[in-house]
Amino acid sequence: MSAATVRPPDAARVAGAVKVYGGGDTSVRALDEVSVGFPAGRFTAIMGPSGSGKSTLLHCAAGLDTLTSGAAFIGDTELGTLDDRRLTLLRRDRVGFVFQAFNLVPTLTVAENITLPMDLAGTRGDREWTDSLIDVVGLRDRLGHRPSELSGGQQQRVAVARALAGRPDVVFADEPTGNLDSRSGEEVLNLLGGAVRRMGRTVVMVTHDPVAAAHADEVVFLADGRLVDRMADPTADRVLDRIKVFDTGHTSAHPTDAHPVRGARP
Ligand code: ADP
Ligand code: MG
């Protein structure tokens, strides 16, 4: 992104996000004052070592879990201000989620899985849009199949179509290629990238794979529950170089000191 490019508004963001699991001696500070925005119409990847808080950040940003302190926003809506009912509606209408383990409903067909969010909402949705998604994900000839009759890659393509079906403000994906071979993974990444570049959607994806992260417009790096770096226009090689610092254990107790956040706002 050039300096002259105006950064779009954030489709989702967290400010001063803290998440503590448990209490007393065994409590875990999974997020430690994280502030980060995910611009609309962009593909953001979140990377960091295992246990660095990536899934926690994604779940709290998507309204699947609540912060201990700080705030999470979808657009201008602060999730912490919503009662259970409104939070459920927000999750249904404004957020899509893709999980590592696909999470399709085994008893439903491909077509029924894709339209499930709309069926639960009791709306017809935009059938033309849903229909076009079926072609985008290449599952026209599998519509009557059950998930168990599909390969992992096909199942994840159904999950991506389901996540996009309601035209959510943001699609969050937690290691969506983690259970896939590299070829199927590449197809899923191309779908997510295409949703951003050709359909104007917003995608936020957790991954540990530099090749996957290179599909994004920007990578944000977490370590020990903190945001430690950001990288625009990533390549797999540059991401790999960056995470070698984590792997060789050179992160300090205060990673923000060792790796100041650069260019957070162009
Ligand atoms: P990542 O996705 O980067 O691997 P997570 O967000 O899953 O990291 O976890 C961050 C930290 O929070 C880890 O130390 C993990 O053990 C802890 N954690 C995650 N979920 C829970 C939970 N439900 N209860 C207690 N600790 C948890
Ligand atoms: Mg995780």
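Reader: Which strands does helix α6 lie across, and at about what angle to β3 does it run?

Author: Helix α6 (residues 182-197) lies across β3, β7 and β8, and it runs at about 135 degrees to β3. Contact here means heavy atoms within 4.5 Å, and the angles run from 0 to 180 degrees between N-to-C directions, with axes fitted to C-alpha atoms, for helices over the stretch in contact. Helices (H or I, at least four residues) and strands (E, at least two) are DSSP runs, numbered from the N terminus.

Reader: Before I go on, what kind of model is this, and what are the ground rules?

Author: This is a predicted model, in which local features need pLDDT of at least 70 and side-chain atom pairs count only at pLDDT 80 or more, while totals for chains, interfaces and linings use all residues. Residues are numbered from 1 along each chain as its sequence is written, chains are lettered from A and ligands numbered from 1 in the order in which they are written, and side-chain values use heavy atoms, with hydrogens and water left out.

Reader: OK, what order do the strands have in the open sheet of six?

Author: The order is β6-β7-β8-β3-β9-β10, with mixed pairing, where two strands pair if DSSP finds at least two bridges between them. At the edges are β6 (95-98) and β10 (226-232), each of which pairs on one side only, and the twist from one strand to the next averages 20 degrees.

Reader: Do β3 and β8 run parallel or antiparallel?

Author: Strands β3 (residues 43-47) and β8 (residues 203-206) run parallel and are joined by four bridges; Thr 44, for instance, has Val 204 in β8 as its bridge partner. Helix α5 (residues 152-165) also lies on this sheet, across β6 and β7 (170-174), and runs at about 170 degrees to β6.

Reader: Switching topic, which strands make up the open sheet of four?

Author: Its order is β2-β1-β4-β5, with antiparallel pairing. Because β2 and β5 (77-78) stand at the edges with a single partner strand each, one side of each is left without a neighbour in the sheet.

Reader: And how many bridges join β1 to β2, and β1 to β4?

Author: Nine bridges join β1 (residues 10-21) to β2, and five join β1 to β4 (residues 69-74). Val 14 stands opposite Ala 72 in β4, and Tyr 21 stands opposite Val 28 in β2. The hairpin of β1 and β2 has six residues between the strands, and Gly 22 in the turn has a positive phi of about 70 degrees.

Reader: Which residues surround ligand 1?

Author: Among them are Tyr 21, Val 28, Pro 49, Gly 51, Lys 54 and Ser 55, a residue being counted if one of its heavy atoms lies within 4 Å. The shell divides into four nonpolar, six polar and one charged, with Ala, Val, Leu, Ile, Met, Phe, Trp, Tyr, Cys and Pro counted as nonpolar, Asp, Glu, Lys and Arg as charged, and the others, Gly among them, as polar.

Reader: Which element gives the most to that shell?

Author: It is α1, with three residues. Helix α1 (54-61) also lies across β1, β2 and β4, running at about 60 degrees to β2.

Reader: Which backbone atoms make polar contacts with the ligand, and how much of its area is buried?

Author: Taking N or O pairs within 3.5 Å as polar contacts, ligand 1 has an oxygen atom 2.7 Å from a polar backbone atom of Gly 51, one 3.2 Å from such an atom of Ser 52, and one 2.9 Å from such an atom of Ser 55. Taken alone, ligand 1 exposes 560 Å², of which the protein buries 57%, by the Shrake-Rupley method with a 1.4 Å probe.

Conventions. Polar contact = N/O pair within 3.5 Å; in protein donor to acceptor, adjacent residues only side chain to side chain.
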